[in-house]
Amino acid sequence: MPSEWSVPKWVLLSSGCAPVALILGWLVAASLQGSPYDPAAQTISVLAAPGASGSWVMTAAFVVLGVCHLLTAWGLRPAATPGRAALAAGGVSALAVAVVPAPSSGGSLSHGSVAAVGFTVLAAWPVLAARPGDGVPWGLRPGPSLGATGVMALGAAWFLIELHQRGAAGVAERAVTTVQSVWPFVVVLSCIRDASRAARPVRVVRR
C-alpha cells in the first residue's frame, strides 16, 4: 500500500533538472556572450535579450525550467494544493519570461512584471505547500517551509536593492533563483525518503 507521502519517481527527475537547466543555461549563455557581459552586475534576463549571442540558450533554459516546475507541481501530491498552484504559477512565469524577454537596452514593464510575479509565487510556494501534523516529510513541515520562504523573500529584496543601486544585481539574482529552483527538489527528496520508510516492513522479534 503506497504511503500518503509517496510521489511518482519522475518527479525526482523534473525537480532535479530545474536547477541544472537554469545554472547550465546562464553559464553557457554567458560564455557565448563573452566579455561585454558582466555576470556580477547584469541580470540573467539580459542573456535572453534579442540580439544576445546566447539568447537561444537562456531562452531554452527558461522554457525547461518552466516545464520542470509545472511537472513537479503536478506530481507533488503530498504538498498542500495552494503551494502546488503557486509552484505551477512559477512555472508559467518562467515560460512567460521566455516569451517576453528583456530588451537589449533599457527596461521593460511587461518583462519586469512577469519576473516580479515569478519571484513572488516561487517565494510563497513553500509556506503555502506546508502541512501540519505528525509524520509530515521534512520539506513540507511548517518550520522548514517558512524558513525557505523567508530566505527567498530576503533574496528577492536583496536583488531589488542591488538592481536599484546598480550594484551586484547579477550575484543577488543568481543566489535567489538557485534557492528557488533547488527547493522543489529538496521537498521531493524528503517525501520519497518518508514514503520509503513507511513502506518498510515492520520486523517482529520473537522470543
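Helices (DSSP runs of H or I, at least four residues) and strands (runs of E, at least two) are numbered from the N terminus. By that count, the protein chain has six helices and zero strands. Its pattern along the sequence is α-α-α-α-α-α.

This is a predicted model, in which local features need pLDDT of at least 70, side-chain atom pairs count only at pLDDT 80 or more, and totals for chains, interfaces and linings use all residues. Residues are numbered from 1 along each chain as its sequence is written, and side-chain values use heavy atoms, with hydrogens and water left out.

**Overall build**

The C-alpha atoms fill a box of roughly 75 × 30 × 25 Å, taken along the principal axes. Of the 207 residues, 45% count as buried. Buried means under 20% relative accessible area, exposed over 50%, and partly exposed in between (1.4 Å probe, protein chains only). A contact means heavy atoms within 4.5 Å. Among contacts between residues at least 6 apart in sequence, 71% join residues at least 24 apart.

**Helix α2**

Helix α2 covers residues 55-75. The expected span of a helix is 1.5 Å times one less than its number of residues. The 21 residues of α2 should therefore span 30 Å, and its end C-alpha atoms are 30 Å apart, which agrees. Its buried residues include Val57, Met58, Ala61, Phe62 and Leu65. An α-helix has 3.6 residues a turn, so residues three or four places apart point the same way.

**Nonpolar cores**

A nonpolar core is a set of buried Ala, Val, Leu, Ile, Met, Phe, Trp, Tyr and Cys residues joined through side-chain atoms within 4.5 Å.

| Core | Residues in it | Named members |
|---|---|---|
| Largest | 22 residues | Leu76, Trp125, Leu140, Val187 (most contacts inside it) |
| Second, separate | 19 residues | Leu22, Ile44, Ala94, Ala98 among them |

What does Leu140 touch, not counting residues up to four places away in sequence? Its partners include Pro78, Ala129, Val187 and Cys191.

**The largest pocket**

On a 1 Å grid over the protein atoms alone, a pocket is an open set of points where a 1.4 Å probe fits, with protein on both sides within 12 Å along at least five of seven lines; lining residues have an atom within 4 Å of a point. The largest pocket has a volume of about 1000 Å³, the space filled by probe spheres set on the points. Of its 44 lining residues, the closest to its centre are Thr43, Ser45, Phe159, Leu163 and Glu173. Helix α4 gives the largest share, ten residues.
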